[in-house]
Amino acid sequence: MQNDNIVKEENGEVEEIEKNDPTSLTPEASTKKKKKKKKKTNTAATTNGTTNSNVTEYTETIENIKKTETTETAETDNSKEVEEENEEEEGTEAVGGEASKKKKKKKKSKKKTGKVEESGVNDNTSTIQQSEPPRIPVSKFFPDGKYPIGEICEYKDDNLKRTTNEEKRHLDRMHFDIYNELRQAAEVHRQVRKYAQKTIKPGMTMTEICELIEDGTRALIEENGLEAGIGFPTGCSLNHCAAHYTPNSGDKIVLQYDDVCKIDFGTHINGRIIDSAFTLTFNPVYDKLKEAVRDATNTGVREAGIDVRLCDIGTAIQEVMESYEVEIKNKTYQVKPIRNLNGHSILPYTIHAGKSVPIVKNSETTTKMEEGEFFAIETFGSTGKGYVHEDGECSHYAKRQDIGHVPLRVTRAKSLLSSINKNFGTLPFCRRYLDRLGETRYALALKNLVDSGIVESYPPLVDIKGCYTAQYEHTIILRPTCKEVVSRGDDY
């Protein structure tokens, strides 16, 4: 009975080894173990009353078997690991191949997580922050090429049905590319003016202010000849000067705390111009003046629409603006609209097209706004007479749109005209822009182009000295289905 128990225990040990041995499935290991089992069984059957030495021999034999099998197991495990690595590298078929593919996919997804591109865009959040000063092109913010839609306003009365009219909606879709170009220019304007509004401070020269805005515009719009760039010179008219002032070379005027500064600048993509303006002040005494003009501009935007008479818009603007009063230096002034300054229609590469939008009541004009037109709705308010005249050194110029061939005798004028055609076309420019191109000693040549009627000059426009003027302006599209205020932002 004891010997039987020993055999069973020994068999149990062998069986346990077989269960735990991962190489038991191989043919050689299986054959060896079968022989061992037979040997042990025969020995147990014929040794009834065997001595303890036989048991010792069995024990030594089993230990030798364990050592041999352990060595074989280690070698087999190593060979399996090598085979598995080879299978993963080669991408073999069946289960091993599929597992390898899955592992590769997982690695790919891990690489994407938290990856930051050189442009500063995070793949997880897809966010990007504009630099200060602004230098990152707006195209980096919108990789799909679709730019933010402006403020949408539904038409009134009989035109309300345009919103759901399928034919009009189809026309809208046909002009998407044009709208998108204007929206890109508008986004540039918003980002540049946001930086300008918090950066411009008293003590800066007017040249520094203009260059701050223009450098930002060139970078964000990715200036490219006549395809993309500045729409017209940056206006920074002060106090009684209402429009068309930008510093020429050598201008030393410095912005003061009590100044009222009109910032009027433009951007364009393929000649689609954004014309938008706002007023900067630092003394809160002028807040009512700004509020009056901003409210009047918003009134003009609200009243504008397809088939609306331009004179009706002027009447509404005047009524709103004249309802405001402002107290400056213990004297109260009614805010007056500057009656000889107007809004205007815009065409490609032409900032002042054929139609004018008055800002005072004018019953003489019956011209209407039409579908598909682009307008700059701008208003000017003044504490002076409400009427401007030309005064001061001219800085703004533009080649006339309708001019034909004009013979020029002055050689320098011919070369200057060639430079203007190449760099500006019919877009407005200023003397600083000519300086930037490397043009020198061009004063007489420029005067010759003006005198010949090829180039139009736009001197500063001023009210009476001592008064204050303010300006706000937006660009709108009269789309077939709705009115879009393209330049609208969080600021105004």
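**Entry 1: the cores.** I began with the largest nonpolar core, which has 76 residues; Ile213, Ile263 and Met369 touch the most other members. A reminder to myself that this is a predicted model. I then listed the contacts of Ile263, leaving out residues up to four places away in sequence: Ile200, Ile209, Ile213, Gly235, Cys236, Ser276, Ala277, Phe278 and Leu280. Apart from that core I found another, of 19 residues, with Cys394, Tyr397, Ala413 and Tyr433 among them. In soluble globular proteins, nonpolar side chains tend to be buried together.

**Entry 2: the rings.** My search of the whole structure gave seven aromatic pairs. Why is the pair of Phe424 and Phe429 stacked? The ring centres of Phe424 and Phe429 are 5.0 Å apart and the planes are at 15°, and stacked needs planes under 30 degrees apart. Together with Tyr397 and Tyr433, Phe424 and Phe429 form one aromatic cluster. I also noted that the charged end of Arg218 sits over the ring of Tyr433, 5.6 Å from the ring centre.

**Entry 3: a stop at Thr207.** I placed Thr207 in helix H7, residues 206–221. Is Thr207 buried or exposed? Its relative accessibility is 18%, so Thr207 counts as buried, the limit being under 20%. Not counting residues up to four places away in sequence, Thr207 touches Pro247 and Asp251.

**Entry 4: the salt bridges.** I got 23 salt bridges from the whole structure. In one of them, Glu371 pairs with Lys168, with the closest N and O atoms 3.1 Å apart. This pair links distant parts of the chain, 203 residues apart: Glu371 is in the loop between strand E10 (356–357) and strand E11 (374–382), and Lys168 is in helix H5 (residues 166–174). Glu371 is partly exposed at 31%, whereas Lys168 counts as buried at 19%.

Next I checked pairs within a helix. Glu187 and Arg190 form a salt bridge with closest N and O atoms 3.0 Å apart; both lie in helix H6, three residues apart, about one turn of the helix. Glu187 is buried at 11%, and Arg190 counts as buried at 14%. Lys288 bridges to Glu291 at 3.5 Å between the closest N and O atoms, and both lie in helix H8. Lys288 counts as partly exposed at 39%, as does Glu291 at 31%.

Last, I wrote down a network of salt bridges linking Asp172, Arg183, Arg479 and Glu484.

Key: Residues are numbered from 1 along each chain as its sequence is written. This is a predicted model: local features need pLDDT of at least 70, side-chain atom pairs count only at pLDDT 80 or more; totals for chains, interfaces and linings use all residues. Side-chain values use heavy atoms; hydrogens and water are left out. A nonpolar core is a set of buried Ala, Val, Leu, Ile, Met, Phe, Trp, Tyr and Cys residues joined through side-chain atoms within 4.5 Å. Buried means under 20% relative accessible area, exposed over 50%, partly exposed in between (1.4 Å probe, protein chains only). Contact means heavy atoms within 4.5 Å. Rings of Phe, Tyr and Trp (its six-membered ring) pair if their centres lie within 6.5 Å; planes under 30 degrees apart count as stacked, over 60 as edge-to-face and the rest as tilted. A charge sits over a ring if NZ of Lys or CZ of Arg is within 6 Å of the ring centre and within 35 degrees of the ring normal. Helices (H or I, at least four residues) and strands (E, at least two) are DSSP runs, numbered from the N terminus. A salt bridge is a side-chain nitrogen of Lys or Arg within 4 Å of a carboxyl oxygen of Asp or Glu.
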